[in-house]
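Welcome, and thanks for opening the viewer. Let's walk through the structure one selection at a time.

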Amino acid sequence: MSGRGILAYGAYLPHWRLRRSAIGAALGNGGGKGTRAVASYDEDTTSLGVEAARAALAGRALAPRSVFFATTEPAYRDKTNATAISAALGLGHDVLAADMTGAVRSGTAALLAGLRGDGPDLVVCSDIRTGLPGSGDERDGGDAGAAFVVGAARPGDTAAPLLAEYLGGGSASDEFLDRWRLPEELSSRVWEERFGENAYLPMGERALTAALKATGLTTADLDHVVVTGTHARAVRSFPRTAGIGREKMADTLDATVGNTGAAHPGLLLASVLDDAEADRVIALVVLADGADVLLFRTTGALAAHRPARGVAARIASGHADVPYASFLTWRGHLDRESPRRPEPDRATAPPSHRLGDWKFAFTGSVCACGTRHLPPQRVCVSCEAHDRMTDERLADVRGTVATYTVDHLAFSMAPPVVLAVIDFDGGGRFTCELTDADPATLEVGTRVEMTFRRLYTSGGIHNYFWKARPVSATAEGEQA
Amino acid sequence: MSSHGIKDKVAIVGMGCTPFGEHWDLSVADMLVDSATQALESAGLDKPAVDAYWLGTAASGWGGMTLSTALKTDYRPVSRVENFCATGSEAFRNACYAVASGAYDVAMAIGVEKLKDSGYSGLVKTMPAHDGTMGQLTAPARFSLLAPAYCAKYGVSLDDFKEVMTRVAWKNHYNGARNPRAAFQKEVPRETIARSLKVAGELGVFDCSGVSDGSAAAIVVRAEDAHKYTDKPLYVKALSMVAGPGNGPIDPDYDYTTFEEAVRSAKDAYAQAGVTDPRAELSMAEVHDCFTPTEVVLMEDLGFSGRGKGWQDCRDGVFDLTGELPVNPDGGLKSFGHPIGASGLRMLFECWLQLRGEAPAERQIKIKDKGYGMTQNLGGGPGDCVSFVSVVGSELG
């Protein structure tokens, strides 16, 4: 018994799906079956990570002391991206926010790093995976985020029990070229398939053996086995090599989501946790530049502390009709003519920092008279009192569309822009863009929730802020 | 709050207005020289007689030197003012106050804007450094919120309201077709307006004012000196400028069917001028028809129509050239476009022509007893704007 493990988890899938057949239809060959998840034009790995972490933290009284963020596609280099995630979550300044970026394996490494301490640490893994048009990476990749709060359960803390205990694990590393990319390149290169399989399988066995030895378990003790990694063929052959029955194998979500890189181990683990019963042993096997095996045992607390929206529900609510041309445009592979409007000017550093609680955490102000203000004001719009405000974070408060309009003139990667006036439950109004919305189905009274997005990038600066998105009728029923 | 006004203390004795349009061959300085020259000639004045200048421009130049270098104003004071789309009116208001205070005998208010040099569609705003949270919404999008809100509040079908919007555009183009200074001098069939490409919400291209360049100027003196310069001065009866708290976008009580700033500025101006029944007393009104629904809503905010009745009055021709109260007899922003710094003064220029009986015969309106005209100029968007109202008249008292 390590007494450590998963205290909370959540996953996020973007709204959009690309039918793989659309690739073949456009390019004349390639494509395939099923769909892949596609981050919208206003999402990046940071925003995907924020949404996943919000899903994990929603309604939970957890105060992480660290934020570890893993991705292969950091929005910024040289600068930490976990700080934006931490700020968007309103975690305050007393946290270590750090990135583990560059390789797919960083996702598992971040999770392991968290599990080795007492925490609570927030581990956020997200990725946007694509390749050149027509490539296997484009077809088989996916975009998603997953987040875990890991650490030791404090005795008597009924609000934050262990949902899955970390039993132990094993790792193996080797240096070989299977998948790689030079820093300036847009897509990865891969070596001949059979070489990679030959290199990966012994690493996987080595790590599994180490994990079983460390925990005193045998393969027969494993109830659910997740195998994923950077090499599809090795991932497929590993269970047979390791003598693990097919009935134990978790869905790898290839048909619906695609391989989401650094996020994928977390996404699949979240998916298994969504359905696993208590006292089940879960093995997470990740083949990436070696292999990592993590073993968990679910607890009786899991059932009562799952996130409101599970992976299956998120898969089901995806919108499958993103045109291939839009997908290429959003990923920067198709340079399209812009409207005759100026590109937005950059958000500058001092006001973005000064107003950071507003910009990143969506924190408004509420006057002593009870009137909410978005953005925060010093003088009340209602009673006109000066400086009687307290902060209030409204990121998790839902609202209703009071009125809206469709703007065909405004600059956007995905015109038209939909502007909505949102009245929040419990008071307060804000006027902002709607995203993940079909203008044809919008109406006054549409229910919305806030979502963290990258509005645009200008002058080398990503402009992060919040938009509203429609809440489906089923999601509206979920207790956030 | 006190607002005493300066009724009958100041008079306009000369005005100038360039044609508005795509002036590819004219610079900001050229247009300033053109409108200033016209205004001086109109007043029979030489430039040295002007003691001080107020220049209105939103973004076509900075500082007083935009005018002083163009016009060589001989070391006179030039104040450049900006107040959103009411910039031209703000220049006029300040010049009037300067003369009323006794500080100067003769002042010129001049406005200019060069929009066509940007190469973009619609207005382009230059923002101070910001945190990126205020959005990039266009003016048509903000104003398009009026139509559905109005329909919902007053139980008007969107089709009926769209027909009224179309009629507003049709009426203003009809008037503009009779104005040699307008940027668009053609009547536009209603079907063309109704079917025009959507820009935002229910707004088609023809529901939006155009983009153009232009300049207009006015020379103001103390009322008692007016007849030294002209037999037909226009007396300033009222000036009101209101800046709202900007609560529309953040206050759930705002319903997008009114401009409170216009209501307040009209009320203040009518009190200054002694107007109690604007629809009956005013001979004409130039209002800020930036988008067609704006004009409909303004008819109510300015007291021309009852609440919920503006759309019917617009439909029934009350504000036509030959109607009970002609609105935008010069063609409005719809026919002139909206060179921001010039528009407020362009509205006054139409009062200057009409109230003095100098408009071309085909658009000369009938002048009521008082000889009053008004201008209303709006800057910003619904629930978040500044509004200016002036009343001018051809007689003292």
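Start with Leu7(A): this residue is buried, because 29 other C-beta atoms lie within 10 Å, and a count of 20 or more is enough to be called buried. Keep in mind as you look around that this is a predicted model. Leu7(A) sits in strand β1 (residues 4-12) of chain A. Now show its contacts: beyond residues up to four places away in sequence, Leu7(A) touches several others, among them Leu62(A), Pro120(A), Val149(A) and Leu163(A). Next, pick Ala164(A), which is 157 residues from Leu7(A) in sequence but 7.3 Å away in space, C-alpha to C-alpha.

Move on to chain B and colour its two parts: domain 1 (10-121 + 213-233) and domain 2 (139-208 + 235-393). Their centres, taken over C-alpha atoms, are 23 Å apart. Where they meet, 37 residues of domain 1 of chain B contact 32 residues of domain 2 of chain B. Which element gives the largest share of the domain 1 side? That is α3(B), with seven residues. By class, this side has 21 nonpolar, eleven polar and five charged residues.

Look for Phe92(B) on the α3(B) side, and for Leu345(B) and Leu348(B) among the α13(B) residues.

Finish at helix α6 (residues 158-176) of chain B, whose 19 residues reach 27 Å from first C-alpha to last. Of these, 14 are buried, so α6(B) is largely enclosed by the rest of the structure.

Key. Residues numbered from 1 in each chain as written. Chains lettered and ligands numbered in written order. Predicted model: local features only at pLDDT ≥ 70, side-chain atom pairs only at ≥ 80, totals over all residues. Helix = DSSP H or I, 4+ residues; strand = E, 2+ residues; numbered from the N terminus. Buried ≥ 20, exposed ≤ 12 C-beta atoms within 10 Å, placed from the backbone. Contact = placed C-beta atoms within 7 Å. Expected span 1.5 Å × (residues − 1). Domains from an automatic or database assignment. Nonpolar A, V, L, I, M, F, W, Y, C, P; charged D, E, K, R; others polar.
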